[in-house]
Amino acid sequence: MVHALIWLPLLALFSFLSWAGWNEYQKVQAYSHWAKDFDNAKYDVFAMLGRRGDRLVWGKPTRQGPAALQQISLQTVRSVALAVDGRPASPDAPPAKARRIALQLALDTGQQISIPFTETGLAARWCKLLQQYVSGGPDCPKELIQ
């Protein structure tokens, strides 16, 4: 009886971890299906993001695909900046560790959009890519984001 009481919490923990892994796997599968139509795409636990031509689309990942999808035209973006822990950061030398990472998009209308990231390196590459596109570069290099 005592042994069963000791193993019961471990069984519950294992069951929870199995469910959490299956749940995340389903989200990644939904993302891979959604991302097929984009030139560049990213997935993390905070947001799914895709760029096709001059359209930028993002939403929250779920098992059924992205929820709360939003999209903008990159032609309406005035500037793109990397924000780390609420402060501006250089995409050329992002900090190694951070708690809150986001791309900050300033639109022509004055609206500010924040797209969350989990990795500073990935956020910095996206920032460079979108800055190049917004600055009027001839074409976005696909090799920055892969």
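**View 1. The buried residues of helix α1 and the strands they meet.** The buried residues of α1 are N23, K27, A30, Y31 and W34, where buried means under 20% relative accessible area, exposed over 50% and partly exposed in between, with a 1.4 Å probe and protein chains only. These buried residues pack against β1 (40-43), β2 (48-52), β3 (55-60) and β4 (67-73), contact being taken as heavy atoms within 4.5 Å. Helices (H or I, at least four residues) and strands (E, at least two) are DSSP runs, numbered from the N terminus. The model shown is predicted, so that local features need pLDDT of at least 70 and side-chain atom pairs count only at pLDDT 80 or more, while totals for chains, interfaces and linings use all residues. Residues are numbered from 1 along each chain as its sequence is written, and side-chain values use heavy atoms, with hydrogens and water left out.

**View 2. The length and the kink of helix α1.** The 33 residues of α1 (residues 2-34) should span 48 Å at 1.5 Å a residue, and the end C-alpha atoms are 49 Å apart, which agrees; the expected span is 1.5 Å times one less than the number of residues. A kink of about 25° lies at L8, shortly before the proline P9, the bend at a residue being the angle between axes fitted to the seven residues ending there and the seven starting there.

**View 3. Strand β2 between its pairing partners β1 and β3.** Four bridges join β1 to β2, which run antiparallel, and β2 and β3 also pair in the antiparallel sense, over five bridges; two strands pair if DSSP finds at least two bridges between them. G50 of β2 is the bridge partner of A41, and G50 also has V57 in β3 as a bridge partner, while L49 is partnered by W58 in β3. Four of the five residues of β2 are buried. The hairpin of β1 and β2 has four residues between the strands, whereas that of β2 and β3 has two, with G53 taking a positive phi near 60°.

**View 4. The hairpin of β3 and β4.** These strands pair in the antiparallel sense over five bridges, and V57 stands opposite Q71 in β4. Six residues lie between the two strands, and G65 in the turn has a positive phi of about 120°.

View 5. S73 is buried, with a relative accessible area of 12%. Leaving aside neighbours within four places in sequence, S73 is in contact with D54 and R55. The side chains of S73 and D54 are joined by a polar contact of 3.2 Å, that is, a pair of N or O atoms within 3.5 Å, of which, within protein, one must be able to donate a hydrogen and the other to accept it, residues adjacent in sequence counting only if both atoms are side-chain atoms.
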